[in-house]
Amino acid sequence: MSLLQVRNLKKSYGGVAAVADVSFDLPAGQLLALLGPNGAGKTTCFNMVNGQLRPDSGSILFDGHELVNMAPRNIWRLGVGRTFQIAETFGSMTVVENVQMALLSREKKIFHLWRPAASHYRDEAMDLLSQVGMEAQAARPCSVLAYGDVKRVELAIALANRPKLLLMDEPTAGMAPQERNALMALTKKLVVERNIAVLFTEHSMDVVFAYADRMIVLARGKLIAEGDGETIRNHPKVKEVYFGSGSTFTRKKKEAV
Ligand SMILES: Nc1ncnc2c1ncn2[C@@H]1O[C@H](COP(=O)(O)OP(=O)(O)OP(=O)(O)O)[C@@H](O)[C@H]1O
């Protein structure tokens with residue numbers, strides 16, 4: 001049985017069917033890209049999986065638990081993680097402190113500190129930072145980091161909760177091509193090592209074709225195609241939706257990581 005099983009998911013806004021009868025599976029250890037043109041229903045779909053939006057109908061079964069009608073915090077506790085942007089809130093804290101906070105939050109200990117905060121979970125935080133290649137920058141405030149490095153710290157924070165499923169909404173938005181590839185290569189490595197599943201939306205097709213194991217494509221709320229890169233590239237409905245037929249995605253050489 002797949003880790004995540006989405007069945008007949010529906011959500012309408014007034015007369016607009018934002019998501020119309022969408023079903024898909026995501027096994028552990030896979031990166032699944034959720035694609036589609038603007039307004040296709042990607043964000044709506046995403047937010048139903050993380051509990052921010054309640055579907056009109058359908059089922060989201062995760063690791064044997066029905067997520068529909070469950071509070072986002074409880075969904076998170078079951079092991080559905082997301083990458084949050086730390087820049088706005090915790091930018092003045094150091095890299096390692098940000099990860100320590102995430103570890104404390106996992107253990108619900110933020111308001112029960114009995115040791116100086118600096119010593120809480122420091123080793124575990126440093127271990128997570130080494131996994132994302134950021135241990136050398138542990139003592140720097142997040143606010144001074146390069147954008148690609150902030151994204152690595154966000155990944156470490158998301159991993160602090162030991163997610164079984166990680167949701168990433170446009171993880172590489174605003175990044176230069178080389179940074180994009182480095183972040184996705186790292187994500188892929190962690191997915192394989194930890195056997196976690198990743199569901200991500202992404203507008204950079206070079207990233208999608210280089211790193212996603214499978215893709216699903218939405219158009220006007222409906223799932224129109226599903227499969228690997230080759231299947232999606234050559235799918236007539238996908239071609240039609242993106243370019244009104246003709247060639248859809250140009251094959252780009254994977255850039256050096
Ligand atoms: N809160 C809302 N109220 C009304 N309509 C909404 C709302 N959220 C989304 N929609 C509509 O639902 C449809 C799907 O929107 P959604 O944001 O899920 O698409 P998307 O694929 O994420 O698009 P994008 O790539 O532009 O972010 C669109 O027609 C959108 O206008």
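Buried residues make up 38% of the 257 residues in the chain; a residue is buried if 20 or more other C-beta atoms lie within 10 Å of its own, exposed if 12 or fewer, and partly exposed in between, with C-beta atoms placed from the backbone. The model is predicted: local features need pLDDT of at least 70, side-chain atom pairs count only at pLDDT 80 or more, and totals for chains, interfaces and linings use all residues. Residues are numbered from 1 along each chain as its sequence is written.

**The whole chain**

Display the chain as a cartoon. The chain has ten helices and ten strands; helices (H or I, at least four residues) and strands (E, at least two) are DSSP runs, numbered from the N terminus. Among contacts between residues at least 6 apart in sequence, 67% join residues at least 24 apart. Two residues are in contact if their C-beta atoms, placed from the backbone, lie within 7 Å.

Two strands pair if DSSP finds at least two bridges between them.

Begin with strand 6, which runs parallel to strand 7 (residues 165–169) and is joined to that strand by three bridges. Here V80 stands opposite L165.

Next select strand 3 (residues 31–35) and strand 9 (residues 214–219), which pair in the parallel sense over four bridges. The bridge partner of L32 is R214 in strand 9.

Strand 9 and strand 10 pair in the antiparallel sense over five bridges, and A225 in strand 10 is the bridge partner of V217. The hairpin of strand 9 and strand 10 has two residues between the strands, and R220 takes a positive phi near 50 degrees in this hairpin.

Select strands 2, 1, 4 and 5. These four strands form an open sheet in the order 2-1-4-5, and the pairing is antiparallel. Strand 2 and strand 5 are the edge strands, each pairing on one side only. Strand 1 (residues 4–13) and strand 4 (residues 57–62) are paired over five bridges, and V6 stands opposite I60 in strand 4.

**Helix 7**

Select residues 177–194. At 1.5 Å a residue, the 18 residues of helix 7 should span 26 Å, and the end C-alpha atoms are 26 Å apart, which agrees; the expected span is 1.5 Å times one less than the number of residues. Within helix 7, R180, N181, A182, L183, M184 and T187 are buried. The buried residues of helix 7 pack against helix 6 (147–159), strand 8 (197–201) and helix 8 (205–211). After helix 7 comes N195, whose phi is positive, near 55 degrees.

**V208 in helix 8**

Move to V208, which lies in helix 8. V208 counts as buried because it has 22 C-beta neighbours inside 10 Å. Leaving aside neighbours within four places in sequence, V208 is in contact with A33, L35, E202 and M215. The C-alpha atoms of V208 and L34 are separated by 9.4 Å, although these residues are 174 apart along the chain.

**Two loop residues**

Most residues other than glycine have a negative phi. Select N69, in the loop between strand 5 (65–66) and helix 2 (72–78); its phi is positive, near 80 degrees. N69 is exposed, with 9 other C-beta atoms within 10 Å.

Finally, select R162 in the loop between helix 6 and strand 7. Phi of R162 is positive, near 50 degrees, and R162 counts as exposed, with 11 C-beta neighbours inside 10 Å.
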